[in-house]
Amino acid sequence: MCRNIRVLHNFEPPATDDEIEAAAVQYVRKVSGTTRPSTANEEAFDEAVRAVTAATRTLLDSLVTKAPARDREVEAAKARARAAERYGPRPATAG
């Protein structure tokens with residue numbers, strides 16, 4: 001139903017509003033058990049996404065670390081390597 005929520009802290013450049021909102025949507029989807037709320041629940045779903053987005057931004061803005069900022073490309077390469085080890089290499093795409 002949902003993709004994994006990704007780590008957003010300690011990246012350069014910092015997490016964007018879109019990334020934070022996407023994580024909030026994934027969280028609300030997982031907690032609610034639905035990817036698309038019914039019309040009756042849409043307002044509650046949207047409000048929950050706004051609240052989680054705001055809470056996440058507050059958290060990320062408040063966290064401090066001494067560790068060097070992570071590089072998105074390096075982290076993506078590590079994730080691809082883990083996936084290849086777990087699931088096998090991805091087939092080549094035509095094009």
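Trainee: Why is arginine 57 called partly exposed?
Mentor: Arginine 57 has a relative accessibility of 23%. Buried means under 20% relative accessible area, exposed means over 50%, and partly exposed is in between (1.4 Å probe, protein chains only), so arginine 57 counts as partly exposed. This is a predicted model, in which local features need pLDDT of at least 70 and side-chain atom pairs count only at pLDDT 80 or more, while totals for chains, interfaces and linings use all residues. Residues are numbered from 1 along each chain as its sequence is written, and side-chain values use heavy atoms, with hydrogens and water left out.

Trainee: What makes the contact of aspartate 61 and arginine 57 a salt bridge?
Mentor: The N to O distance between these side chains is 3.3 Å. A salt bridge needs a side-chain nitrogen of Lys or Arg within 4 Å of a carboxyl oxygen of Asp or Glu, so aspartate 61 and arginine 57 qualify. Both residues lie in helix H2, four residues apart, about one turn of the helix. Helices (H or I, at least four residues) and strands (E, at least two) are DSSP runs, numbered from the N terminus. Salt bridges with shared partners also join Asp17, Arg57 and Asp61 into one network.

Trainee: Is aspartate 61 buried or exposed?
Mentor: Aspartate 61 has a relative accessible area of 55%, so it is exposed.

Trainee: How many salt bridges does a search of the whole structure find?
Mentor: The search finds five. One of them pairs glutamate 19 with arginine 72 at 3.1 Å, N to O.

Trainee: How do you know that the span of H1 agrees with its number of residues?
Mentor: The expected span is 1.5 Å times one less than the number of residues. For the 16 residues of H1 this gives 22 Å, and the end C-alpha atoms are 22 Å apart, so the two agree. After H1 comes glycine 33, with a positive phi near 80°.

Trainee: Which residues of H1 are buried?
Mentor: Ile20, Ala23, Ala24, Val25, Gln26 and Val28 are the buried residues of H1. They pack against H2; contact here means heavy atoms within 4.5 Å.

Trainee: What makes H1 oblique to H2?
Mentor: H1 and H2 pack at an angle of about 130°, with axes 8 Å apart. Angles under 35 degrees count as roughly parallel, over 145 as roughly antiparallel, 65 to 115 as roughly perpendicular and the rest as oblique, so H1 is oblique to H2. The axes are lines fitted to C-alpha atoms, for helices over the stretch in contact, and angles run from 0 to 180 degrees between N-to-C directions. The residues in contact include Asp17, Ile20 and Tyr27 of H1 and Phe45, Val52 and Leu60 of H2.

Trainee: What is the omega of the cis peptide bond that joins glutamate 12 and proline 13?
Mentor: Omega of that bond is about 0°. Proline 13 sits in the loop between E1 and H1. Threonine 16 is in the loop between strand E1 (11-12) and H1, and at 39% relative accessibility threonine 16 counts as partly exposed.
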